[in-house]
Each structure stands twice: as structure tokens, then as C-alpha cells.
Amino acid sequence: MGKRIGMEVAVAVAEAVGLCNIDMAAVYPITPQSHIAEHLSDLVADGKIDAEFVTVESEHSAMSAVIGSSGAGARSYTATSSQGLMYMHELLPIASAMRLPITMAIANRAVSGPLNILNDHSDIMPQRDSGWISIFVENGQESIDMSIIAFKIAEHKDVMLPVNINIDGFQLTHMVEPFEMPTQEEVNKFLPPFVPHATLHPAKPVTMGAFAMSDYFTEIMKAKDEALKNSKKVILEVWDEWAKLFGRSYKPVETYKADDAEVLMLTMGSMGETAQMAIDELRAKGIKAGLVKLRLWRPFPFEEIKAAIKNAKKLIVTDRANSFGGPGGPVFSEIKSALYAEVQRPLIYNYIYGLGGRDVPVGDFTGMFEKVLADTANKQADTYEFWGVRE
Amino acid sequence: MALKTWRELPIGCVVSEPGSASEYHTGSWRSQRPIWDNKKCIKCGICYVFCPEGCVQQTEDGFFVANMDYCKGCGICAHECWPRAIAMIEEG
Amino acid sequence: MIEVRWHGRGGQGAVTSVELLAVSAIAAGKYAQGFPSFGPERRGAPVAAFTRIDDKKINVRSGIYEPDVVLVLDASLIGLVNVLDGLKPGGKLIVNTAKSPDEIRKDLHFSGTVATVDGTGIARKEMGVPIANTTMIGALLKVTGVMDLDAMKESVEHRFGRIAQKNLNAMKRSYDEIKISN
Ligand code: SF4
Ligand code: SF4
């Protein structure tokens, strides 16, 4: 076990990426991601890492640049937030269709409007169907670990897909907190050199991103879907390998006091640890409350989620974004579809909360449990609500 | 040629054979063809530059001809040739 | 766990102080968080920053609403913002001012511990600048006893290089000169 050090998480993420022998980074600064861009460009400028830092003029260009550079066989990294991610949007499915193992940190931030800059998940949710592997982290340690692990998953020969790592903006990025930073030797041992599936090189020309009509488009979409589903096996393997090397184990779905729980709560991202404190408070009062944390958003871990929640009577799904005019939060609809065919399944309640940076103290989580427990006639089951909204 | 199944597609649909577009004979699209009048031609090369198929070639004497396997009859060469050395005539 | 809220103005270095304090506490084997009040940064505007220090892993990630300690980097903020907001009745108020603790106590009608030191005066003498953010860390350590002053050495040296010693001297002086009224 390494020594615990303290550092701002965004800076630590850049340090971790700096250990990964990247060839190229193209990052356009945007709050609250900017400290990643700034520190990574410092590492390059100071000669601490041997990589090209491309100072692009927008996020659209950042994503275009990493697509080109990954296609040329370079290990390529980018990071963004909110409007920047929205600006990249049209390129995200292209990166995954071309099977380019780009890795990207997303310092999650509310999407305008109104302009906000603080944390929620409304930036990543519209990108859900882009064909990227999508991971959520809950603390600084995980932000660092996943930033390194992502390269190995993405570049695995059976995966070859881009990965995004969702790090709650401010709540995580701007937090100085303790963690262990792997050493260069350890990362070298863990992360093999990047072997691309094809490269753009004049000596052996290939075409990437060619045109395809209706005669092939369906087959290509099917292949992409299979690739993303199959990536789960590799993700599990790589996480296991990480656990063996570093003693920190990661699972697609993690539980806290969930085994005998009658009421469960499901969270994604940095809210998990605060929610854990609410569980302790409720348990102290004799309430059988438990927590389920969803770490892997794509590929969606159907089996693991079913196993984690099937025995509960009630399940509170929390969402940090909404599907306007739709069925509630995006996590809520995903969980519902996962459980549709199950005979035994909990009643599900959906709270949309922590929007645009609204703080969520422990008391809000216990409040959600209390509200659900008070609904003895199950009248509010299967509905969604904006938690704490002023009526 | 049988179409490939999704399993047979290369990763990322990379086309690994260079220049395979030459198998695609766009000449079959043509309803008009360009005819060069070398008496008017000043060998400026504009037709060579503008042809979207890249099928205009320079001959040894410095004049230009189109490769009819690929000339799709779009007429851009004729439009761009300012000494009006190229005329488009109906096929067939 | 001890929770501290810092009041300052944009540009006075409250965020630097919470960072230095958290980094040092972690290096000393503790668990800590240091974070700004989230949002746009504007020079001169009232800002807050926060520190949590504990001997065991800290799980809470929400804001601090009932701090144990409030540290005011700029006394001109008193009256402009409610520096006592949520401060526990038995909590500790530390103010960078030349006034005595009793004067501040009278001004604010606060019954807990009040401690004052002329941090700006010390900073001006020791470092030649009227910015007391690092200086006041000394006062905080004395009043809370949360860790030794020596624990700050490494992070201050790492951060300030050549001028580290001046910062450490100023910190030491505010540690020694802080007047505490219980
Ligand atoms: S554009 Fe016209 S003049 Fe110029 S080279 Fe072609 S045919 Fe000749
Ligand atoms: S008609 Fe079009 S395709 Fe044919 S030679 Fe002229 S420009 Fe090229």
C-alpha cells in the first residue's frame, strides 16, 4: 500500500494521466474541468511527460483531434464538461464506430440553460447512446484509479472502444482530499503499450470512417452493440487485475448494507458516500436501509443490478438529470427496464435531486427514505419527483 | 458478391486495401461526355484540378483527356474551362 | 471531526489556505477535505472556503452548515456577511484583527470562544505583503490544537519555495500572538 497524499482531485487526475505514457492530449478548458487541462499542459510544458499537448480552439476540435490522433495510433486523451461535451456530441458516435480507444474525463456539470456551471449529470445523459463505455466515480481515489484503468480497458484488443470517466464537477474536481497515487513503475507494469487495430500511415494506407449505406449500416450498428456488450467481460477482468495489484477492488454495482435491506437507495457518482452516512443513521434507528451504487453506466450491468436489488421491498432510484416530458430520470427508466421481466421486484420511487449544484446533505437522503417508508399504501410508487423543489 | 455479416466486418469498418475506390466505375453514371477541342486548349490544367473524380489525365503532348471508366459526366471540367475548349455532348 | 469555515474576499487566498491545511493534515496521517464554495471566482467579493479534518475516513461530501470553527480573514466582512451563521454555540470564532477578543465578542454577541490576532500586521512585517491567509493558519492551529505547527512545514515549502520560511515565520507568530477568550 502506498502512502496517502493530499491533492486537488482534478490535478491528481492530470498527474495520473501523466503516468500513462500518453502520446497526445487535446483538452479545451471549461469549468469545472479546467484544472485537468491546465495541469496536464504544465506536465507537457515542463517536460515531465513526453506527449503532444494540442491547444485546440474548441471542444469540437478537441474531439476531432483525438479521433485523428488515435487513428494514427497515438494514445490520446481529452477531458471536458457540460457545454463542451454537448459541443463534442456529434463526434462521439463517430469515435466509437471507428473503434478508437480514446479516453476522456468528464467533470460533470449542468447543461445550460440557464447557465449554471455547477454539478449534475445532465451533460453525460444526452451522450448515453453514443457507444462509449461510461464509468461513474465516487471519490478522488476512484477518479485517479479509473483514469489509469480506462486506457487498459479501451485499448484491450477485444474492446477497442472509447471510455468516458464521469467525475462530479466541483464536488470531486475541486476537492483536496487524501488518496494513494500509483508510482510510475506500478503503472508501467499494469499498462501495456497501445497496439492499435489499424493505423493511418502513408506506408500502408487504410481508410477509416468510410461511407456506408443501408446495405451495411444495420450490420455496423449490430457490431457496435455487440462490441460494447462484450466489453463488460474485459472491464471485470481489468478491475480484478487492478485489485490484485493495488488492493482496491471495483465492481459494476457495489452495495452497502444491502443484503437484508427492505428499502434500498441507488446512487451514481459522488453522492454515494454521503448517502452511506444516511444508511448508518437509519440503521441506528432500526430501519433496514441499504445502498446500491452504480459505477458502470455503459455497458449497463443488468445481471449485477438485478441481483443487488431483487430482494428489497422498495427501491429509491436517485437521478441527477431528467428526461423532460418522459418517464422520469434516465437511471430510473433504465432500472425499470432491467426489472421488467422479473417476477419478484421492488416498488420503485424516483427522486431527481442535486440539480445545478444544489447541495444534498445527509438529512435529504434520510428524508427520502422516510418519505418512501411513510407511503404505506404505495401511492407514490413508480412516480418521479423533483426532490426539495419549492412548490 | 455476397454482403458480409456483422461478424465478418473488420473492427471499426476500416478499409485496409489502398485505392479500392478504383473498383467503383463511376463511368456508368454518365449521360453526357466531355469532348476536348485542343485547338482552343491553352494547357492551363484547370480541368485536371477541378474534376471531382480525378479522372482527367495529361497526355504526353500536354493536352488533357478523361478516363471514361470514371468520368461521370458532371460537366464541371467544361464549366470551369474558361477558353471553352471542352464541350459536353449527349451519350449514345 | 472538526469542520472549519473560512471567510475572505476573492484574491485573499482562503482557497490556498484550505488546500495547504488539508494537504498538511493528510501528510500528518489524518483524513481531510479542503474545498472552496463552489461557483465563479470574483476578486474582492466575499468568499467562503471549508476544511474538514478527522482521524478516520470522511464520507460526507455535502457543504458545511454547522462549523465548529469560523475563521475570518478580513474583519471588514463582519457586518457584511453573517460570519456566525450556523457556528455551534460552543464553537470558536477566529478573527484577523487588531481588536481584542472582547471587542469582537461585544460587536457580535457571541458566547463561544473568540480569538483575535493582527494577522495582516504580522504578514506585512514578516512577508512585506498585507495578505494573511497563511499567517492565520498558525492562529487556527493554536486555537483548535488539531495538529502541530510543524506539520505545515513540508506543504508550505513545496508551495512557496524561496519565500516559504517567511510564511512559516508569520504562521509561528500568529500561533504565539493569538489572544484567546473563552
Ligand atoms: S481547362 Fe480548358 S484550357 Fe485549361 S487545360 Fe483544360 S481544356 Fe485546356
Ligand atoms: S465530366 Fe466531370 S467527371 Fe468527367 S472529366 Fe469532366 S469533370 Fe471529370
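**Chains, ligands and one threonine**

Reader: Hello! How many salt bridges does the rule find across the interface of chain A and chain B?
Author: This is a predicted model in which local features need pLDDT of at least 70, side-chain atom pairs count only at pLDDT 80 or more, and totals for chains, interfaces and linings use all residues; side-chain values use heavy atoms, with hydrogens and water left out. Residues are numbered from 1 along each chain as its sequence is written, and chains are lettered from A and ligands numbered from 1 in the order in which they are written. A salt bridge takes a side-chain nitrogen of Lys or Arg within 4 Å of a carboxyl oxygen of Asp or Glu. Between chain A and chain B, the number found is zero.

Reader: Which helix gives the largest share of the side of chain A that touches chain B?
Author: Here 19 residues of chain A are in contact (heavy atoms within 4.5 Å) with twelve residues of chain B. Two residue pairs, both at pLDDT 80 or more, are in polar contact across this interface, meaning N or O atoms within 3.5 Å, where within protein one must be able to donate a hydrogen and the other to accept it, and residues adjacent in sequence count only if both atoms are side-chain atoms. Helices (H or I, at least four residues) and strands (E, at least two) are DSSP runs numbered from the N terminus. The largest share, seven residues, comes from residues 214–246 of chain A, helix α8.

Reader: What area is buried between chain A and chain C?
Author: The size of an interface is often given as the accessible area lost when the parts come together. The value uses a 1.4 Å probe and is summed over both parts. Carbon and sulfur atoms give 57% of the area between chain A and chain C, which is about 2,000 Å².

Reader: And which residues of chain A lose the most area to chain C?
Author: In this interface, 27 residues of chain A are in contact with 24 residues of chain C. Together, 29% of what the side of chain A buries comes from A:Arg4, A:Met175 and A:Val176.

Reader: Which residue of chain C meets A:Glu177 in a salt bridge?
Author: The interface of chain A and chain C holds three salt bridges by the rule. In one of them the N to O distance is 2.9 Å, and the partner of A:Glu177 is C:Arg61.

Reader: How far apart are the closest C-alpha atoms of chain B and chain C?
Author: Two pairs of chains touch, and the most contacts are between chains A and C. Chain B and chain C have no contact, and their closest C-alpha atoms are separated by 41 Å.

Reader: Is A:Thr318 buried or exposed?
Author: This residue lies in strand β13 (residues 314–319) of chain A. A polar atom of its side chain is 2.7 Å from the backbone oxygen of A:Leu266, and its side chain also makes a polar contact with that of A:Tyr353 at 3.3 Å. Under 20% relative accessible area is buried, over 50% exposed and in between partly exposed (1.4 Å probe, protein chains only). At 3% relative accessibility, A:Thr318 is therefore buried.

Reader: Which helix of chain A is largely enclosed by the rest of the structure?
Author: Among its buried residues are A:Val9, A:Ala10 and A:Gly18. Nine of the ten residues in 9–18 are buried, so the largely enclosed helix is α1.

Reader: Which residues come nearest to ligand 1?
Author: A residue is near a ligand if one of its heavy atoms lies within 4 Å of it. Of the 13 residues around ligand 1, the nearest are B:Cys41, B:Cys44, B:Gly45, B:Cys47 and B:Cys81.

Conventions. Buried area is the accessible area (1.4 Å probe) that two parts lose on being put together, summed over both.
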